[in-house]
Amino acid sequence: MTSDNVIETHALAKRYGDVDAVHALSFQIRGPSITGFLGRNGAGKSSTIRMLLGMIKPTAGSGMVLGHRIDDPKQSLLIRRRTAYIGEEKGLYAYMTVEQLVRFTSSFYPDWRPDIEQRLLRMYQLPLRRKVKALSKGMRTKLALLLALSRRPALLILDEPTEGLDPVSIEELLQMLTGIAAEGTTVFFSSHQLAEVERIADSILIIERGRLVLDVSLDHLRENYRRVTAGFPARPPEAEFRLPGVERVRASGRQITVLASRNADAIVERARSLSAVSVEVEPVSLREIFLDAVRTDAPAEAR
Amino acid sequence: MLCYKMWRETRTRLLISATALAWVCLAIVLTQKGNRAHADPPLSYAAYIWKAVYKGYVRDFFLILVIVLGGGGILQERAHGTAGFTLSLPVSRCRLTFVRAAVGLAEVALLALMPAVMLGALSPQVGESYQLTQALRFSVLWTMGGAVLFGTSVLLSGICAEEYSAWIVCFLSMMFYSAAVNITPLQRIPWLNFFKIMSGAEMPYFNSADHLLVGPLPGLPLLILPAIAVGFVIIAARLSQRRDY
């Protein structure tokens, strides 16, 4: 494993009884960057995150975060010292006030930055004397962010950070994530909100049924992923389009649609050589790629 | 600051428990005259207090409250949605368990002091007196006995996901233990019965004629009981290290 990877997993697996929650998951994330971790409900996102943070133990495989092994309790402490985590539930101690929770959390981090804490308190307008249980979900997310960011973590892991937030809060959160990534923090977040991921992420990982089905940078995706739609005088032979870079071919009447991760020019060439009457090449949205990647009617190996 | 977290999580339970125990002690002292007169033969005040408080249902009530104080922990935090936050702190699971146990044991000691405080304050109000040193010695015995049950409760709350399940299983364990040391041949060895160690019944450091503790408290049992409690806490910590949350 290389030391400049912020997160690195090799054949990481987690099994609950007969269920493979995560299966042979291998990926690397270099920092500082923003990585969107996508997948349907139950795809294995939360299990992966919890393995990275040492909350659950891998059944097989290995993983490193910030150069420390995730399955070693002592090294896991070192990981957590430099990693901030905001879970989907934004579960904070309901019985504490905002002020008490800030004091409590800051006591665990010698490198806590009171200047950042004060700046975020002002920015988020968090009521210091109010108990956490009396805060709205948006306010709780802001408090969780304050607790995470006031110690300038090397890695920020968020599980569904925008879940339950109003559009204004979502916008503020996305701007904040972009800002801290620019300051050197690596952001790794799971989400179902593809438009948000597409807006701020540098790269994406898509996981389906515990298996990694796509690991790509968004720049690569924007530059190379194309949808080629070709019309023919008669029903075209689908097999002719099984070319390198073709992810999916769908025929409908006399029209054929090809989703390509590269090699779009060759596909266009092939369509023209088969006497296509029309050929259109369009960029592909992350949403389309995601839906294609998590299609249940195709085995992972065939994608 | 972990102590502060544990204290905040248990202080309401402690306050309710202490208040309940105080009320029971108050009721016992206020009704002493009638109860003692109806006893056959009539009881001295010390004998009445021993039978009602230190050997009676107040002791059992104290032990139930101790079980309740032992509940909580990471497994129960999962139900409240805060386990992720706690486990993301740079603190080992062992430390979490040990700090929780330390705070809890201190609370058990505080709870064990309640009868001493109440008896000391209330007895003169009804024209009686109960020696403070006597009451404090019982508090020591209660603390040590309570520690065992507290350790059991901590251990079970690391095994049972539901807080109420841990309490119920702990209560049933206490009943089973009580039956084992009171009904089976084990009853011939009173030192195996921590209820008796707590009350002094059948013990050489207890004078059954005047119902008072006499001589020094038993050193070895008072070392063994907390050692058992610490053993349970260590097992709970080891279990928490292995468990997925």
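Author: Buried means under 20% relative accessible area, exposed means over 50%, and partly exposed lies in between (1.4 Å probe, protein chains only). This is a predicted model, where local features need pLDDT of at least 70, side-chain atom pairs count only at pLDDT 80 or more, and totals for chains, interfaces and linings use all residues. Residues are numbered from 1 along each chain as its sequence is written, chains are lettered from A and ligands numbered from 1 in the order in which they are written, and side-chain values use heavy atoms, with hydrogens and water left out.

Reader: Is B:Cys25 buried or exposed, and at what relative accessible area?
Author: The cut-off for buried is under 20%. B:Cys25 falls in the buried class, and its relative accessible area is 1%.

Reader: How many disulfides does the structure hold?
Author: A disulfide is a pair of cysteine sulfur atoms within 2.5 Å. Take B:Cys160, which is buried at 15% relative accessible area. Its closest cysteine sulfur is in B:Cys170, 9.3 Å away and too far for a bond. Over all chains, the number of disulfides is zero.

Reader: What share of chain A is buried?
Author: The C-alpha atoms of chain A fill a box of roughly 70 × 40 × 35 Å along the principal axes. The chain has 303 residues, and the buried share is 52%.

Reader: How many helices and strands are in chain A?
Author: Both are DSSP runs numbered from the N terminus: helices are H or I with at least four residues, strands are E with at least two. By that count, chain A has ten helices and 14 strands.

Reader: What distance separates the centres of domain 1 and domain 2 of chain A?
Author: Domain bounds come from an automatic or database domain assignment. For chain A, that assignment gives domain 1 as 5-220 and domain 2 as 226-283. Taken over C-alpha atoms, their centres are separated by 40 Å.

Reader: How are α5(A) and α6(A) oriented to each other?
Author: Axes are lines fitted to C-alpha atoms, for helices over the stretch in contact, and angles run from 0 to 180 degrees between N-to-C directions. The axes of α5 (137-149) and α6 (167-182) of chain A come within 12 Å and cross at roughly 10°. Angles under 35 degrees count as roughly parallel, over 145 as roughly antiparallel, 65 to 115 as roughly perpendicular and the rest as oblique. The two helices are therefore roughly parallel.

Reader: Which residues of α5(A) and α6(A) make the contact?
Author: Contact means heavy atoms within 4.5 Å. From α5(A) come A:Lys142, A:Leu145 and A:Leu149; from α6(A) come A:Ser169, A:Glu172, A:Leu173, A:Met176 and A:Ile180.

Reader: Which residues does B:His211 touch?
Author: B:His211 sits in the loop between β1 (206-207) and β2 (212-213) of chain B. Its phi is near 60°, a positive value in a residue other than glycine. B:His211 is buried, at 12% relative accessible area. Not counting residues up to four places away in sequence, B:His211 touches B:Ala46, B:Ala47, B:Trp50, B:Lys51 and B:Phe206.

Reader: How many residues of helix α3 of chain B are buried?
Author: This helix spans residues 45-54. Among its buried residues are B:Ala46, B:Ala47 and B:Trp50. The helix is mostly covered, and the buried count out of ten is nine.

Reader: What is omega for the cis peptide bond that joins A:Gly31 and A:Pro32?
Author: Most peptide bonds are trans. A:Pro32 lies in the loop between β2 (19-30) and β3 (34-38) of chain A. For the cis bond from A:Gly31 to A:Pro32, omega is about -10°.
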